[in-house]
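Colleague: I would like to go through this structure with you. Could we take it one topic at a time?

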Amino acid sequence: MKGYTRTFVILALLLAIGPYILYPIFLMKVLCFALFACAFNLLLGYGGLLSFGHAAYFGMASYVCAHAAKIWGWPPELCLLLGTSAAGLLGLVFGALAIRRQGIYFAMITLALAQMIYFFALQATFTGGEDGIQSVPRGNLFGVINLASDLTLYYVVAAIFLAGFLAIFRMIHSPFGQVLKAIRDNEPRMVSLGYRTSQYKLLVFVLSAVLAGLAGATKVVVFQLASLTDVHWMMSGEVILIVLVGGMGTILGPVVGAFIIVAMENYLAPLGAWVTVIQGLVFVVCVMLFRQGIVGLFERSLARLKKSPR
Amino acid sequence: MFTILGIPSQALFGQLLLGLINGSFYALLSLGLAIIFGLLNVINFAHGAQYMMGAFLTWMLLSYFGIGYWWALLLVPILVGIFGLLLERLLISRLHHLDHLYGLLLTFGLALIIQGAFRIQYGVSGLPYGIPVTLAGGQNLGFMFLPNYRLWVILLSLSVCLATWLLIEKTKLGAYLRAATENPTLVQAFGINVPRLITLTYGGGVALAALAGVMAAPIYSVNPNMGADMIITVFAVVVIGGMGSIAGSIVTGFALGLIEGLTKLLYPEASSTVIFIIMAIVLLLKPAGLFGRRV
């Protein structure tokens, strides 16, 4: 636990000085995707559930948040709350369906349900179809903090990220998290010990959807845009890639992964379709060679260093 | 011309035909997925990309080499099948001992690479491919007009599905395949080369996807995204049918195509989502799928 306190202090310091080193907009994008990936990692890395449709919760929250802010003129804190709750509700329904099957079927079901949301977003009127919801006002947080300045907004986003990150950390290290890891490792044994495993799985699914929704809603406040990209299956693929690169089942993996993937996309954006090819290559290389990801690799070599007496 | 339930017969049968066509592709693709899953325990996410490759290769054979539809029907599945064999040998076989999810992630990455590569080369606007001359035109059945090519697609898909089913259920090779699905270690102990069987199975499944691609080329426009949209629907079809039975995936494929066609007629807004809604209902009532065994 002590080691983690140090990690948090370093992380908070990095977040505080970040905008003086890198563009705040870039950092906010990293933080949104990092939170999204942390939420996904909670489900995959600790629950052992591979959802291939997390874009649904991310995207649904961003649409609801954008709609509330632009059409209804709600203040940002309520928009974030509404978007996040919408994602949680969707996660509850989809999660209850998906946990009825295991493994590979679970992945296919979540993907298919997310595709349904994609078609819904394409056809429904409130989502703006192909145009999405554009130029969403940032507004004043709690009526006093004007979010128009990127630097102010950055610190709000950083606070949201840190809150989500700490919440996930708390969950993982709670008795609930321990049960979750045990279910991931050996579900039949947990069933025989008397745990209602499907309730645990549903709860972690909903929690993950809520946090993914928070990330999606925050993204809307930053970029003032909700579009079909947010609900497309490529978005679900991207969050998997982030977690895979950073390291599944590690606390910091998704954050590192998000930084790398978002940076990569920023630099490669002019190359157009090559981005997809490169993402695919990274997928293949990670699966074939670095299954524990960057942070996983780092942690392992650190542990080996500590063990070897020299 | 007459009407049924207030719908003109032309429109009704036209949509049902379109549904059957879509169903033909669902059946072929879900069949390939089911065979691959049975033996490899891998959901082949690249299946859609391989279907797209089939369509593109058909187009390329005609545009670059002047090789027509009928030869493509034979050559393309072989070529894409060989590509599948290589993928299995070089990459997928190395993940056998790991969790299934890595196979899914690997094939997802492969799908991204293949789709991206075709998008770089050919853009996203579709390429046209003409219907072969012998199958141009159609029959006027009185209540509807039936284009010959569509009839051909349905018949060919049905016969390929039937042939595959016979191959798996009634031949010696099929018996090995089913045995290896049940217990690979034991089959290996009997002196059958299971790794080779696995490689060939993957190649065969991929060849089926490519064949579907050849058949699709004259119907849908040939474009890099054609497989990605298709494969997710096919996943839903697979979940509905359950992957336990070969016949089940064929029947489910055709039936869902028909239902989708009917929905397009009765309530067009739901036509793209109806399969997913059916999937949700099936999950509630019979989680293992209509033809599946409880895993």
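Colleague: Which helix holds Glu187(A)?
Modeller: This is a predicted model. In it, Glu187(A) belongs to helix α8 of chain A, which spans residues 187-192.

Colleague: And what does Glu187(A) touch, leaving out residues up to four places away in sequence?
Modeller: Glu187(A) is in contact with Gln102(A), Ala182(A), Thr197(A) and Lys201(A).

Colleague: How far is Glu187(A) from Ala69(A), C-alpha to C-alpha?
Modeller: Their C-alpha atoms are 43 Å apart, and the two residues are separated by 118 residues along the chain.

Colleague: Changing topic: how much area is buried between chain B and chain A?
Modeller: About 3,900 Å² is buried, and carbon and sulfur atoms give 80% of that area. Chain B contributes 47 residues to the contact and chain A contributes 37 residues.

Colleague: How many salt bridges and polar contacts cross the interface?
Modeller: Zero salt bridges are found between chain B and chain A, while three residue pairs are in polar contact.

Colleague: Which helices of chain B supply at least two residues each to the side that touches chain A?
Modeller: They are α4 (100-122), α9 (226-241) and α11 (274-285) of chain B. The largest share, 16 residues, comes from α4(B).

Colleague: Now the surface: which helix gives the largest share of the nonpolar patch?
Modeller: α1(A) does, with three residues. The patch covers about 1,000 Å², and its residues include Ile10(A), Leu151(A) and Phe259(A).

Colleague: Is Phe259(A) buried or partly exposed?
Modeller: Phe259(A), found in helix α11 of chain A, is partly exposed because its relative accessible area is 36%, between the 20% and 50% limits.

Methods:
Residues are numbered from 1 along each chain as its sequence is written. Chains are lettered from A and ligands numbered from 1 in the order in which they are written. This is a predicted model: local features need pLDDT of at least 70, side-chain atom pairs count only at pLDDT 80 or more; totals for chains, interfaces and linings use all residues. Side-chain values use heavy atoms; hydrogens and water are left out. Patches are made of residues with over 30% relative accessible area and no salt bridge: like charges are joined within 9 Å, nonpolar side chains (Val, Leu, Ile, Met, Phe, Trp, Tyr) within 5 Å. Accessible areas come from the Shrake-Rupley method with a 1.4 Å probe; for residues, only the protein chains shown count as cover. A salt bridge is a side-chain nitrogen of Lys or Arg within 4 Å of a carboxyl oxygen of Asp or Glu. Helices (H or I, at least four residues) and strands (E, at least two) are DSSP runs, numbered from the N terminus. Buried means under 20% relative accessible area, exposed over 50%, partly exposed in between (1.4 Å probe, protein chains only). Contact means heavy atoms within 4.5 Å. Buried area is the accessible area (1.4 Å probe) that two parts lose on being put together, summed over both. A polar contact is a pair of N or O atoms within 3.5 Å; within protein, one must be able to donate a hydrogen and the other to accept it, and residues adjacent in sequence count only if both atoms are side-chain atoms.
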